Amino acid sequence: MPEQNRTSQAYDRIKNISVYAEVFSGVGIFITVGAMTYYLILMIVDIALFDAAIRDEYATDTMNITINYFSRISAFIFGIIPMLIGVFFFDQARRLFHQYKSKRVFTHDAAARLNRMGWALVALAPVGVLVKTFTILALTLYNGPGDKHLAFGISENEVYAIILGLLLITLAKILHQAAIISDENQAFV
């Protein structure tokens with residue numbers, strides 16, 4: 001009987017933790033979608049402010065950028081790609097914690113969600129590099145001869161995203177094996 005009580009208490013703690021984690025994941029979705037919406041509205045309503053945001057992000061003393069309709073749309077489209085990956089990541093996290101809240105911890109579905117979260121983090125690294133590269137190319141495409149730029153660089157943020165993503169994928173594989181063990185234990189009961 002005491003073992004069953006400990007298990008029940010553990011599930012209650014998992015449920016309480018999962019409530020907060022599910023809320024945090026929802027907040028992540030809200031903030032990310034809010035940022036995408038803000039930039040879209042800004043591009044439509046206040047082009048000067050949108051252009052200033054582009055200049056602050058990409059213009060340097062050694063790189064002139066040309067902002068026109070094409071470069072604005074390109075910057076917006078390229079900019080939302082990592083945000084969409086972020087929304088996917090947060091949605092998978094929200095669903096995972098909702099599942100945990102329902103006492104479904106060691107399941108194949110939980111392992112699959114954690115695996116997708118890991119791959120989303122891994123994808124952010126090359127996507128982030130390519131987005132910056134293509135955005136700079138789009139912003140300098142209409143510059144005069146010799147004033148076009150192509151930038152390619154990897155920062156520690158991309159390396160951290162890959163490592164963290166691979167760690168989540170590894171945890172997902174372990175959780176998958178734990179789900180197999182859990183399935184076998186349930187078959188004995």
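This note goes through the fold, the surface and the salt bridges of a predicted model.

1. **Fold.** The protein has 5 helices and 0 strands. In sequence order the pattern reads α-α-α-α-α. Helix H1 covers residues 2–45, and helix H2 covers residues 47–58.

2. **Overall shape.** The radius of gyration is 22 Å, whereas a compact globule of 189 residues would have one near 16 Å. The C-alpha trace spans about 80 × 30 × 20 Å along its principal axes.

3. **Burial and contacts.** Of the 189 residues, 33% are buried. Take the contacts between residues at least 6 apart in sequence: 77% of them join residues at least 24 apart.

4. **Surface and charge.** The accessible surface amounts to about 11800 Å², and carbon and sulfur atoms account for 67% of that. There are 15 positive and 15 negative charges, and their mean positions lie 8 Å apart.

5. The structure contains 5 salt bridges. One of them joins the side chains of lysine 101 and glutamate 22, at 2.8 Å from N to O. This pair links distant parts of the chain, with lysine 101 in helix H3 and glutamate 22 in helix H1, 79 residues apart. Lysine 101 is partly exposed at 25% relative accessibility. Glutamate 22 is buried, at 13% relative accessible area.

6. Arginine 72 pairs with aspartate 51 in a salt bridge, and their closest N and O atoms are 2.7 Å apart.

7. Aspartate 91 forms a salt bridge with arginine 94; the closest N and O atoms are 2.9 Å apart. About one helical turn separates the two, because they are 3 residues apart in helix H3. Aspartate 91 is buried, with a relative accessible area of 17%. Arginine 94 is partly exposed, at 26%. A network of salt bridges links Asp91, Arg94 and Arg95.

8. Which residue has a positive phi although it is not a glycine? Lysine 103 does, with a phi of about 65°.

How values were computed
Residues numbered from 1 in each chain as written. Predicted model: local features only at pLDDT ≥ 70, side-chain atom pairs only at ≥ 80, totals over all residues. Heavy atoms only, no water. Helix = DSSP H or I, 4+ residues; strand = E, 2+ residues; numbered from the N terminus. Rg over C-alpha atoms; globule rule 2.2 N^0.38 Å. Buried < 20%, exposed > 50% of the residue type's maximum accessible area, 1.4 Å probe, protein only. Contact = heavy atoms within 4.5 Å. Areas by Shrake-Rupley, 256 points an atom, 1.4 Å probe, with all protein chains shown as cover. Lys, Arg positive; Asp, Glu negative; His and termini not counted. Charge placed at Lys NZ, Arg CZ, Asp CG, Glu CD. Salt bridge = Lys/Arg side-chain N within 4 Å of Asp/Glu carboxyl O.
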